[in-house]
Amino acid sequence: MKYGPDLPQDKRLLSRAGRLLQTIGLGFAATFLFSVALSLYLVFPLASLSPVELYHNAWEQARAHVYDEATLKDWDKWEHKYDGQIKTQEDAVKYINEMLKSTGDHYAVYLDAKDTRAERDQMRGEFAGIGIEVQPRVDDAGELVFGADKNKGPLMLSDKDGYPVLKVIEGGPSHKAGIKDGDVVLSINGTTAKDISTEDFVSKARGKVGTEVLLRVRNDQGERNVTIVRGMVQTKAVSSKVLTSANGTKVGYIRLDSFIQSDTASEMHNALASLGSVDKVILDLRYNPGGDVRVCVELMSMFIEKGILVSTRERDPGAGHVKQTFSVDGNEIILTREVEGSNRVEKAKMERPPHLGTSKKVVILVNGKSASAAEMFTGALKDNGRAVVVGERTFGKGIGQVVMPMPNGTTMHITSLRYFTPNGTWLGDGGNGNEKFGVEPHHEVELKTTPKPRLGDPSRDSQLQYALELLSQ
């Protein structure tokens with residue numbers, strides 16, 4: 001589905017209102033790894049600015065887009081605070097982030113050009129690298145494990161000796177070089193990989209297409225050196241399979257890693273189509289950090305026949321606030337936009353994707369790491385009576401960030417909206433204050449820690465096993 005300034009007015013309105021993305025990615029600065037930001041993506045003409053002008057522009061845009069102006073404490077004092085210290089673009093980015101930190105908004109951040117490119121790669125679902133899926137190390141309680149420098153993100157998933165265990169992306173450079181899931185990396189280009197952080201692994205693995213990476217790999221057959229030629233890698237957000245319960249009931253299992261990639265709705269359509277006549281589905285959204293609301297709305301419409309999907313209240317740049325409501329009816333997704341304090345109401349419509357999930361019985365799996373668009377999706381299906389929710393209370397993030405492409409190839413994120421489930425429930429501030437609520441599951445089920453659980457394996461995943469039994473009744 002195509003979005004952008006070349007579309008008719010109704011679709012441009014949908015694009016502006018709905019283009020949300022998640023700042024979690026491979027190759028981002030470590031502070032963005034595994035974050036839970038839901039963000040509104042804007043596009044407008046950009047000029048090249050000097051470092052000081054770049055800082056001043058960020059100051060103005062933050063004031064115009066922030067959800068609650070009360071968070072801009074003594075904002076005027078920041079306008080020229082660093083003028084004499086900003087010499088380079090790196091200086092400007094550094095001091096813009098100091099300025100944004102004063103708002104108390106944990107999700108406000110200014111990305112340099114490198115991290116901006118990485119963010120766009122993730123939205124497209126592609127990057128230049130060796131085709132390894134980065135998996136963080138977690139303890140038996142499911143918490144991330146960090147090394148001495150937490151700014152570099154969690155440590156890589158590893159064996160008992162601390163060497164990273166690989167999950168290979170099918171069709172990528174590593175797969176073509178003979179690397180398999182479960183292979184252990186002892187060194188990268190001659191440097192030990194023991195207890196390596198996710199960011200360090202990504203920085204060593206990524207590079208220009210056509211360049212080489214030398215891995216020392218160990219598996220059951222012993223150790224060997226493998227030379228991998230970097231290439232463009234396509235990632236998938238959706239995976240699926242058919243499970244069979246103890247009484248022989250066939251149940252579809254669909255794992256959704258995020259709502260980030262623009263082709264996620266197409267992947268979900270293919271996953272549902274692959275289930276054939278199986279009419280019971282488990283949607284696994286555990287550890288799903290969220291993503292693009294346009295993608296989320298498309299996926300909601302695949303499971304909800306008719307009704308409200310989600311509503312938002314967002315800052316009207318430089319003015320008041322706007323309420324937006326997404327709903328679905330027939331073959332259309334409908335956006336209603338109301339400017340607060342006026343009688344102006346705008347409506348836009350777009351074609352919904354094939355709704356293959358509306359006739360299926362659905363259970364959604366969530367936990368405390370299910371956040372943002374994952375909560376938006378879960379809340380929509382729960383409030384519309386389309387799913388039973390199993391697991392643990394979700395993260396509690398009912399706010400979103402405007403993501404503005406800025407001059408000189410940079411990007412700014414700042415909280416600009418709140419979103420509400422169809423029943424009008426706000427899910428919380430995501431930790432910016434003391435208001436974290438989340439989606440409460442219908443069935444509270446703990447993920448057992450012994451034997452160590454393995455997500456997606458009913459024999460070692462107590463939450464999945466519960467969902468499977470629930471759909472087999």
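Visitor: Which residue in β19 stands opposite isoleucine 282?

Guide: That's valine 363. Before going on: this is a predicted model, where local features need pLDDT of at least 70, side-chain atom pairs count only at pLDDT 80 or more, and totals for chains, interfaces and linings use all residues. Residues are numbered from 1 along each chain as its sequence is written, and side-chain values use heavy atoms, with hydrogens and water left out.

Visitor: What counts as a helix or a strand here?

Guide: Both are DSSP runs, numbered from the N terminus: helices are H or I with at least four residues, strands are E with at least two. This protein has 10 helices and 23 strands.

Visitor: How do strands of a sheet pair?

Guide: They use backbone hydrogen bonds, either parallel or antiparallel. Here, two strands pair if DSSP finds at least two bridges between them. In this structure, 6 strands make an open sheet, in the order β12-β13-β14-β19-β20-β23, with mixed pairing.

Visitor: How many bridges join β14 to β19?

Guide: There are 5, linking β14 (residues 280-284) with β19 (residues 361-366), and the two strands run parallel. Look for valine 281 as well: it stands opposite valine 362 in β19.

Visitor: Which helix packs on the sheet?

Guide: Helix α9 (residues 373-383) does, touching β14, β19 and β20 (388-391). Touching is about contact, meaning heavy atoms within 4.5 Å. The direction of α9 makes about 140° with that of β19.

Visitor: And in what sense do β19 and β20 pair?

Guide: In the parallel sense, over 4 bridges. For valine 366, the bridge partner in β20 is glycine 391.

Visitor: Is β19 mostly covered or mostly open?

Guide: Mostly covered, as 5 of its 6 residues are buried. Buried means under 20% relative accessible area, exposed over 50%, and partly exposed in between (1.4 Å probe, protein chains only). Across the protein, buried residues make up 54% of the 473 residues.

Visitor: At what angle do helices α2 and α3 cross?

Guide: Axes are lines fitted to C-alpha atoms, for helices over the stretch in contact, and angles run from 0 to 180 degrees between N-to-C directions. The axes of α2 (residues 51-65) and α3 (residues 89-101) cross at roughly 25° and come within 8 Å. The two are therefore roughly parallel to each other (the term covers angles under 35 degrees).

Visitor: Which residues meet there?

Guide: Among them are Leu54, Tyr55 and Trp59 in α2, and Tyr95, Ile96 and Met99 in α3.

Technical notes
Angles under 35 degrees count as roughly parallel, over 145 as roughly antiparallel, 65 to 115 as roughly perpendicular and the rest as oblique.
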